[in-house]
Amino acid sequence: MRIEVRGRGTVVFLAAIMISSALSGCLEAEEDGPEDLPPILEDHDSIPETITKGDIDRIEVELLDESLQTVIVEVSVNDNPVGVEFTLRYDDNGLESKFVVVTISDLDAGFHKIRISAEDEKGQRTSWIALISIVEESIENEDDVENIEDQDAEPQGNEGTGDQNGSTGDQNGSTGDQNGSGGDETMPTLEEWWHDVLLCDDGNSTGVDDYNTSGFDNHLCQLSFTTNETHIEVASNGLPNHDLESGPGCCTSAQEHVWTIPLEPTNQTECNPSVSTDGCTMAPERGAVAFAANWVPIFGPEDGPGGDAVAGQEGAYEEDRQHVWLGICHAHSGPGGEYHYHADSNCMHWHPEGENGGTWADYSIDSSRNVISHSPIVGFALDGYPIYGFVGWDADGMVSEMTSSYRLKDGETGYNGIDDYEYVSGLGDLDSCNGQFGGTPDYPDGVYHYHTTWENGEGGIGFPYFINCYRGVVESGGEDNGGDPDCSGHGETWGPGIGPPPEGCGGGQMDSSGNLVIPSIGDIGVGGGKLSAALGLALLFVAASAIRAVASSSASRDLAGRVAGCHPAPV
């Protein structure tokens, strides 16, 4: 959470805070001593992205830690756990190095994901992930060609490729189609894959318009991302790559969104969403539950008054508590101009036919449902698992629109929001989180993933539209390097006459971006003299105490897993 100081007395206020913090021990130099860092996995750039089958039998990754004997290591190939092997090497000075060994000699031609995780005795965890391409040995001379042509055997080029859907190619320019074994395919790097999936990160966005304003707005969708061994961090301005309608919350404006998710999601051990949501982390009833590939927030179904915004938009009930409606792509803007989706979002991959005079206003949700191939990724949940569009592959590998397994309870309409729905296992294709495990164009060997839904298995409305719970672990962090509560819904989702604030949002006035607003000493609306001075000193005392409390608590980890922040000496 950022703290903004507004008005007069800023310098005095900040100086007092620094002095108080120093007295509290926050600015004291930390005592020198060994720092317990997370384990390190280092491949020393020794692993090629493309490997000719038979040339390399195994890969080795060095493991480093202050206490190697206590580190727990796990290895998986294509998300399947395998046995852990180690080898020791010694340099000229007799110093020992420990390497994790992964055997690849039995892997078929195609793309493969190798994952190594290491966790020390303090629970600090590091993951190393690599995508390698194994190709068949190429034919180098005419004699070999003639020998092969003389053989009567059937061609073997498609065996063991891992393609679960034969005729379905790679829709995202990534690792979907693995049938080519001639060596022409190149393995995309991690950055290239994300560049293909994310939108608006190339700096060439086209200006879009808000139809609820009088002029052309020329909004530009912009985002950037960085990755390390375990996480991706994306920063965006929250503007879409398509024309929009702000709705009653007009008008949409640029935001400052920063989200961090794991590159390799970890399942919650107590969560079995095919049975129920018990043991699963529930998605927030209101506010952001995920983000789209253009990095616009994806909200849950409920609107400010607490009803299902999508059901209300589709006429299931009349919203008489607040004026709410959804625009293009079932989205609108809320307080502070934050644009967000409540359903669909597939229009990010749709483009109007300019030569036919079409516009974004011509977009229809049916254009994203009536397709003959697997939908592309439309977003990512906060646990790191991908969200695909309406269409996926069913249990038989056939293209099919995915359906929700939720339905309205008897006599309900969605007026009461999430409480009006019940989960019925097997009613539709998806589980209680609105996801499933299976192959996709990006993960042909299978991955847990969510889908956008428009209908349930009975043909009714497709609540929850995106997700209802998380299959994976939702790490602390998120927007604005967070862990901080999302307090941006004041006036729409909470506030006077609407409802109580979200947990953690009741201790101060929040602005539209969720920052705590602290008035300056000179702005305290009480007369001057001793009373103003007393109030100012009281405010300084409270602020100093708060900073000391925060500084004394456990510091949050940065992307590398190191502990950052202030560590005052014990009292």
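Buried means under 20% relative accessible area, exposed over 50%, and partly exposed in between (1.4 Å probe, protein chains only). This is a predicted model, where local features need pLDDT of at least 70, side-chain atom pairs count only at pLDDT 80 or more, and totals for chains, interfaces and linings use all residues. Residues are numbered from 1 along each chain as its sequence is written, and side-chain values use heavy atoms, with hydrogens and water left out.

**View A. The Cys-433 and Cys-469 disulfide.** A disulfide here is a pair of cysteine sulfur atoms within 2.5 Å, and these two sulfurs sit 1.9 Å apart. The S-S torsion is about -105 degrees, so this one is left-handed. Cys-433 lies in the loop between β24 (421-423) and β25 (435-438) and Cys-469 in strand β27 (residues 469-470), so the bond ties together parts 36 residues apart in sequence. Strands (E, at least two residues) and helices (H or I, at least four) are DSSP runs, numbered from the N terminus. Cys-433 is buried at 0% relative accessible area, and Cys-469 is buried at 0% too.

**View B. The Cys-200 and Cys-221 disulfide.** Here the sulfur atoms are 2.0 Å apart. With a torsion of about 100 degrees about the S-S bond, the disulfide is right-handed. Both partners are in the loop between α3 (190-197) and β11 (223-227), 21 residues apart. Cys-200 is buried at 10% relative accessibility, and Cys-221 is buried at 1%.

**View C. The Cys-250 to Cys-251 disulfide.** The S to S distance is 1.9 Å, and a torsion of about 75 degrees makes the bond right-handed. Cys-250 is partly exposed at 32%, as is Cys-251 at 38%. The structure holds 5 disulfides, including this one.
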